[in-house]
Amino acid sequence: MATIEEKRRRLDAKLQEMAEDGVLQSPSSATANFDPIDEERSVPEKTVLSPSSVQVAALSPSGEVSTIEEYRASYFVPLRIREKTSFTMNAETLEILRGVLQDLHERVSMVSYIDNIIREHLRAHRELLNQASAKQRRKTTIPL
């Protein structure tokens with residue numbers, strides 16, 4: 001008959017196995033500096049943000065940014081996230097976004113970068129989405 005210690009070891013091993021189910025064994029820690037845990041921390045003193053710079057800059061009339069400076073002004077703007085949520089995204093896409101932040105040496109968080117991309121996409125397609133949903137709803141879907 002198994003002793004209590006043997007049962008405990010087997011139980012701990014099974015719990016550890018269950019905890020690791022579906023978890024990547026070697027997560028990328030290379031971008032830890034870009035995705036801080038506390039998004040509500042203040043922006044460093046040397047960075048002065050005007051009210052207009054907190055907003056995501058509009059795209060050019062053609063719908064595309066033409067210089068890296070315009071891209072930086074549009075997508076690498078730090079945000080203060082007050083109501084947080086989590087979501088699942090493709091790991092390959094996340095690695096691509098991390099690579100962009102690393103290669104351009106940007107200090108904006110991954111959360112801000114993704115939020116800016118999604119908000120600009122919604123702004124660019126606001127009319128199309130509102131028209132498509134107007135048949136089903138009485139209110140504006142995207143009020144941006």
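1. The expected span of a helix is 1.5 Å times one less than its number of residues. Helices here are DSSP runs (H or I, at least four residues), numbered from the N terminus. For the 13 residues of H4 this gives 18 Å, and the end C-alpha atoms are 18 Å apart, so the two agree.

2. The model is predicted: local features need pLDDT of at least 70, side-chain atom pairs count only at pLDDT 80 or more, and totals for chains, interfaces and linings use all residues. Residues are numbered from 1 along each chain as its sequence is written, and side-chain values use heavy atoms, with hydrogens and water left out.

3. After H4 comes His-105, with a positive phi near 55 degrees.

4. Leu-94, Leu-97, Arg-98, Gly-99 and Leu-101 of H4 are buried (under 20% relative accessible area, 1.4 Å probe, protein chains only). These buried residues pack against H5 (contact means heavy atoms within 4.5 Å).

5. Which kind of aromatic pair do Phe-76 and Tyr-113 form? Their pair is tilted, 5.0 Å centre to centre with 45 degrees between the planes. Rings of Phe, Tyr and Trp (its six-membered ring) pair if their centres lie within 6.5 Å; planes under 30 degrees apart are stacked, over 60 edge-to-face, the rest tilted. Phe-76 lies in the loop between H3 and H4 and Tyr-113 in H5, so the pair ties together parts 37 residues apart in sequence.

6. Phe-76 has 8% relative accessibility and therefore counts as buried. Tyr-113 is buried too.

Notes:
Helix = DSSP H or I, 4+ residues; strand = E, 2+ residues; numbered from the N terminus. Buried < 20%, exposed > 50% of the residue type's maximum accessible area, 1.4 Å probe, protein only.
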